[in-house]
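I set down here what I looked up in this structure, entry by entry. The entries begin with each chain and then turn to the parts that touch.

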Amino acid sequence: MARRLFVTGASGFVGGHLLDAARDGGIPVVALARDAERARRLHPAVEWVEGDLAEPARWAAALAPGDVVVHLAAVTGKAPARVHDRVNREGTRALLAASAAADAAHFVFVSSVAVRFPEQRHYPYAHAKAAAERLVREGPLPWTIVRPTLVVGPGAPVLESFAMLAGMPWTPVFGPGNALVQPIDGRDLGRLLLVLALDPPASEVIELGGPERLRLGDWIGRIRAVRGRGRPRLLHLPLAPTRALLAAVEPLLLRWLPLTAGQLATFANDGVATPHPFAARFASALQPLDSSLAAPTPGRLPPEIADEATLTRECHTLTRHLIGREAPDGVIAGYLRHHRERPLGATDPFEASLLARARRGGLATRMADAYAARVLPRGLLRRKLTLLLALLETQPESYTAIDAPDPGGTLRTWLGLAARGFGEVAVAALALPWLGWAHWRTPDRHTP
Amino acid sequence: MTDAILVVGSGPSGVHAAATLLARGLRVRMLDVGRPRPDVVRPELSLDGLKRELPDPSRYFLGDDWEALVLNDAEGEYYGFPPSKQYVFANPADMDLRIDGFAPLFSHAAGGLAEAWTGGTYPFDDRDLESWPFGWRELAPYYGRVAQRIGISGSDRDDMARHFPVHEGLQPPLEPDVHSARLLERYTRARGRWLAQGARLGRARVATLSQPLGHRNACHRSGRCQWGCPTDAFYTPSVTLRECLDDDGFTYVPGHEVTHLAVDTAGRARAAIARRADGHEERFEADRIVLAAGTLATARIVLESVARSGAEPPELDGLMDNRQVMMPFVNLALLGRPFEPKSYQYHQLALGLDRGGARDYVHGLVTTLTTALVHPIVQSLPFSMRTSLGVFRNLHTALGLLNVNFADDRRPTNRVGLEPGADGRTRLAICYVPAEDEPERVGSGLRTLRRLLLGLGCIAPPMMTRERPMGASVHYAGTFPMVADGGDWTTDATGRLRGIDGVWLADGSTFPTLPSKNLTFTLMANATRIAEEAF
């Protein structure tokens, strides 16, 4: 009988690809998620168990003798050291104990090549993962440890961070940019993890990388090329002082930093996989790098479900927000038609909550708009506002409100622009900490 | 009907070759995919009239399928083509290509890609034609004939006339809009500094009527240019195609995509083989075939013909395209001014930056953005949508766009070849590598232009300037260059192809260099010249 998988972190990027591979292979899966209902909408065929790694009481009963446990859940990005320790080390400890108690057959732990980076300053993620690897190796169950390199593929969070850097007019590169990367596609990683999970336990560490090794500077150039931009202009910044500076401000500003001191380890270390016979077997079947660098298809999360009354109210509120009056009938009709024909999906779990705030009107809408502009510029709320603008500019009752400048002369115009600038800064100053806090507390925001 | 000359393609080259042959009393049969332009919606209305009077204007402007709605997650090059022009670029789903460093556009529309052009008609001067087998004097009469056929307006005496030799049939320039007039006025004051940099500004030459021509009326400023001129005051090749259709010597065979030519053992083309949409192949006998399908499609037909004749198809080199950079700017003096929707929408001013050699002349087109959809622009501003809209409303009239074009030359790295594709068919493989000195050439050109704009009271923020990918300017040329004494896969001065007898190339394939001035006018003039001299 086919082995059953017990997967943690299944609602994350790699987890999603593992579930896809398991589904294609007809392998039954039980998966742990902190928000099972949301996860179920993405992968309805999977048996979901709700719970946090730290609360084994809620999910331990779902483990069965003979299960293969694939442990993907982790905090990877911007989080303080204590969170890395709690989730990545202690979470692994709890899962190991529960798996052993349930008599699981094989424990597959997904770690990271960062674990063996020689240069790990300010990198709590690497420290916690290394500690977790030790727990697995010394633990009671037959094991396999997988260390992927940089995980890319459409929608991969790490790729999008790099794409953001690569999208700047001057791309900051910390240090000389000679460190090597060997990005692996999440789709490949998902398939390879499934093979490893179903193979007998390897009792060794297997590092998995992609088809190409390239220097960071070239890597950024490739992202730009695939996304239709010109050659990058690299702005070399000193690595060590930047890391020290980031490490110093992280405790306060973590949410708004585009990257952390720890993540800069990528610029200081070669992130390539040590060759392994298992990886060699599949080398020719890997996705070509360029296909892994495409921009994500938006709406990876399921489309929102909203009734026409809610959408009509939303349309009025957002129209008042944009042009200070009610939405004309033609705009509402277009708004509803678009939602019917092309439902918009969120890209970040926080977007539902951001939209709910935007629907309240007044200052709440302004704050949501200002927050979305900076943190989720391609998110659901932004796309709704853009759709609305496109409708407003093409309808008889509203197009002049999009075209007409403010009344008054040049001086009034300049004063008006200045007032708008101040208003924008003031609202953003309110919105960023307030909504940033709510965003930070949204579950599942940083599974890998 | 085998005495008819077979012309493949109805783009600017094809229709002007055909019109010239017909005028000489020769018979022409034109093979074309020829997707027709949809009927013009309510031609009597202005742009704002459409917004007021159509039952659902959003559907007209954004498309039945939201084709022209640009949401924040859009990727790739934004061309801003409205739904009413989608037919120009709609390609068959089975088109198979391998591209590297090049993002080509194709068209199966009657009239070709130029159905969606912006009307720039700039004759090449002697310096532009330096490496060509003929000069301005030989080409000038054909520019004049094309101008009389299509109607071109522009100035023959301002500063830019130095770069655009004057041919016959030039109509007076269109009346400039407020923004363009203001820029010209500032230019007269800053002129000394401009000339010191080798730069000039003047009226654009455009294929838009300022006076009636034949059955066509002068531009009446409906503001609808981008959605398709409702009155044909703005010229597109389908106008000439319609005129050809009135000629008894002309047979138009739409719905046929020529895949290759049947070549006999003596190396002579005997017929064109065309595929219909239903997959059926048809053979059209002809002993004189003019390929004017556009540089990439013509290359494909020739290569496929060689492959079908059993020989190894060559790999063509020297593919060219103009690098294009979009430089948006704000004219500070116009901040907060009201906005004029009833105006001519394409570029009204042209700019030249002369750095010596033909390859160093940079050609710019100044468009004062007015009626383009605003939502794609507003979402790109770095503020909340509410603030962005508030800022944009006051910026709208002050916004301008400088479209900068750089010359290209033939280099061995830029290749078009044929390789095995899906289902046992072949596919076109296109590879383009920019010239090594391009970053330096583009960078220094842009810096100078930014400074010059500042002298006119316009700010062009560097972070808004965007280099378009190669292929985006749609000025493809150079695969079968005209040379006096060349080997196979070159052409002679009459466009006759060396390598397959009985075939003439009348499109951009034969250009030995690609100056920075928009090539379409020269495509038309050169096709007219070939039709006059080759037969």
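**Entry 1: chain A overall**

I began with the contacts of chain A: among those with a separation of 6 or more, 77% are between residues 24 or more positions apart. Two residues count as in contact if their C-beta atoms, placed from the backbone, lie within 7 Å. I noted that this is a predicted model, in which local features need pLDDT of at least 70 and side-chain atom pairs count only at pLDDT 80 or more, while totals for chains, interfaces and linings use all residues. Residues are numbered from 1 along each chain as its sequence is written, and chains are lettered from A and ligands numbered from 1 in the order in which they are written.

I then looked up the secondary structure and found 19 helices and 13 strands in chain A. These are DSSP runs numbered from the N terminus, with helices being H or I of at least four residues and strands being E of at least two. The C-alpha trace of chain A spans about 75 × 50 × 40 Å along its principal axes.

Of the 448 residues in chain A, 44% are buried. A residue is buried if 20 or more other C-beta atoms lie within 10 Å of its own, exposed if 12 or fewer, and partly exposed in between, with C-beta atoms placed from the backbone.

**Entry 2: domains and one residue of chain A**

The domain assignment of chain A gives domain 1 (5-285) and domain 2 (308-441); such bounds come from an automatic or database domain assignment. I found 35 Å between the centres of these two domains of chain A, taken over C-alpha atoms.

I next looked up A:Phe174, which lies in strand 8 (residues 171-174) of chain A. A:Phe174 is buried because 24 other C-beta atoms lie within 10 Å. Leaving aside residues up to four places away in sequence, A:Phe174 touches A:Leu237, A:Leu239, A:Thr242, A:Leu264 and A:Phe267. A:Ala240 is 66 residues from A:Phe174 along the chain, and their C-alpha atoms are separated by 8.5 Å.

**Entry 3: where chain A meets chain B**

I found 44 residues of chain A in contact with 41 residues of chain B. Which helix gives the largest share of the side of chain A that touches chain B? Helix 17 of chain A does, with 8 residues. By class, that side of chain A divides into 18 nonpolar, 13 polar and 13 charged residues. Here Ala, Val, Leu, Ile, Met, Phe, Trp, Tyr, Cys and Pro count as nonpolar, Asp, Glu, Lys and Arg as charged, and the others, Gly among them, as polar.

Helix 17 (residues 380-392) of chain A has 13 residues and reaches 18 Å from its first C-alpha to its last, close to the expected 18 Å. The expected span is 1.5 Å times one less than the number of residues. I also noted that helix 17 of chain A is mostly covered, with 13 of its 13 residues buried.

**Entry 4: chain B**

Chain B has 12 helices and 23 strands. The radius of gyration of chain B is 23 Å, close to the 24 Å that the globule rule gives for 535 residues, so chain B is as compact as a globular protein of that length. The C-alpha atoms of chain B fill a box of roughly 70 × 55 × 45 Å along the principal axes. Buried residues make up 54% of the 535 residues in chain B.

Chain B is divided into domain 1 (1-35 + 108-151 + 235-315 + 476-535) and domain 2 (37-89 + 156-233 + 323-406 + 435-469). I found 31 residues of domain 1 of chain B in contact with 31 residues of domain 2 of chain B. Helix 5 of chain B gives the largest share, 7 residues, of the side of domain 1 of chain B that touches domain 2 of chain B.

**Entry 5: nonpolar cores**

The largest nonpolar core has 133 residues, of which B:Leu6, B:Val8, B:Ala18 and B:Val290 touch the most other members. Such a core is a set of buried Ala, Val, Leu, Ile, Met, Phe, Trp, Tyr and Cys residues joined through C-beta atoms within 7 Å. A second, separate core of 82 residues includes A:Val49, A:Val87, A:Phe162 and A:Trp219.

Notes
Rg over C-alpha atoms; globule rule 2.2 N^0.38 Å.
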